[in-house]
Amino acid sequence: MALDDVVQVTTTADDADVLTALARDAVAARLAACAQVEGPITSTYWWQGTLETADEWRATLKTTQARANALEAFLVEHHPYDVPEVVRTPVVGGNPAYLAWVRAEVRGGVGE
């Protein structure tokens, strides 16, 4: 398999416990092989015409291109935000054994 079939999907939320549960549920559903929640981070953004600054936490989930659409749909559906950040980034290199592990852990999920 090509290296570029593994991707990272990131999302943020203002509640670490909510984000940790969302990440756990995505991994339990085999939509991602693993997820890390980190923070707090400071986010600055426009929301409904107002410049906002807030503490948030970031989850980074590892999956494959084949599972990424399902993961992204899951995150949007279960996320507490009206317009959650969900960003996909290709993995262009890394430990071949780790990338193989990511592929194996999401293989056989619903829709795979």
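**Figure 1. The exposed side of helix α1.** Asp17, Arg24 and Ala28 are exposed on one side of α1, while Leu19, Leu22, Ala23 and Ala26 of this helix are buried. Buried means under 20% relative accessible area, exposed means over 50%, and partly exposed lies in between (1.4 Å probe, protein chains only). The arc is that of the directions from the helix axis to the C-beta atoms. This is a predicted model, in which local features need pLDDT of at least 70 and side-chain atom pairs count only at pLDDT 80 or more, whereas totals for chains, interfaces and linings use all residues. Residues are numbered from 1 along each chain as its sequence is written, and side-chain values use heavy atoms, with hydrogens and water left out.

**Figure 2. Helix α1 from end to end.** Helices (H or I, at least four residues) and strands (E, at least two) are DSSP runs, numbered from the N terminus. At 1.5 Å a residue, the 13 residues of α1 should span 18 Å, which agrees with the 18 Å between its end C-alpha atoms; the expected span is 1.5 Å times one less than the number of residues. Just after the helix comes Arg30, with a positive phi of about 60°. The buried residues of α1 pack against β1, β2 (34-47), β3 and α2. Here and below, contact means heavy atoms within 4.5 Å.

Figure 3. Which residues of α2 are buried? They are Arg67, Ala68, Leu71, Glu72, Phe74 and Leu75. Their arc around the axis is only 165°, which puts them on the same side of α2. Turned away from that buried side is a face with the exposed residues Ala66, Asn69 and Glu77. Among the elements covering the buried residues of α2 are β1, α1, β3, β4 and α3. The helix has 14 residues and reaches 20 Å from its first C-alpha to its last, close to the 20 Å expected at 1.5 Å a residue.

**Figure 4. Glu72, a buried residue of helix α2.** Glu72 is placed in helix α2, and its relative accessible area of 17% makes it buried. Beyond its neighbours within four places in sequence, Glu72 is in contact with Val9, Val86 and Arg88.

**Figure 5. The largest nonpolar core.** How many residues does the largest nonpolar core have? It has 14, and Leu61, Leu71, Phe74 and Leu75 are those with the most contacts inside it. At least two residues of this core come from each of β1 (6-13), α1 (16-28), β3 (50-64) and α2 (65-78). With four residues, α2 gives the most to this core. A second, separate core has six residues, including Val6, Ala33, Val102 and Val106. A nonpolar core is a set of buried Ala, Val, Leu, Ile, Met, Phe, Trp, Tyr and Cys residues joined through side-chain atoms within 4.5 Å. In soluble globular proteins, nonpolar side chains tend to be buried together.

**Figure 6. The surroundings of Leu71.** Leaving out neighbours within four places in sequence, Leu71 is in contact with Val9, Ala26, Leu31, Ala32, Leu61 and Thr63.

**Figure 7. Two residues in the loop between α2 and β4.** His79 and Val83 are both found in this loop. Is each one buried or exposed? His79 is buried, with a relative accessible area of 7%, whereas Val83 counts as exposed at 59% relative accessibility. The side chains of His79 and Thr11 are joined by a polar contact of 3.4 Å. A polar contact is a pair of N or O atoms within 3.5 Å; within protein, one must be able to donate a hydrogen and the other to accept it, and residues adjacent in sequence count only if both atoms are side-chain atoms. Not counting residues up to four places away in sequence, His79 touches Thr11, Thr12, Ala13, Leu22 and Pro84. For Val83, the C-alpha atom is separated by 9.9 Å from that of Trp47, 36 residues apart along the chain.

Figure 8. One aromatic pair is found in a search of the whole structure. The ring centres of Tyr98 and Trp101 are 5.6 Å apart and the planes are at 35°, so the pair is tilted. Rings of Phe, Tyr and Trp (its six-membered ring) pair if their centres lie within 6.5 Å; planes under 30 degrees apart count as stacked, over 60 as edge-to-face and the rest as tilted. Both residues lie in helix α3 (residues 96-106), three residues apart, about one turn of the helix. Tyr98 counts as partly exposed at 31% relative accessibility, and Trp101 counts as partly exposed at 35%.
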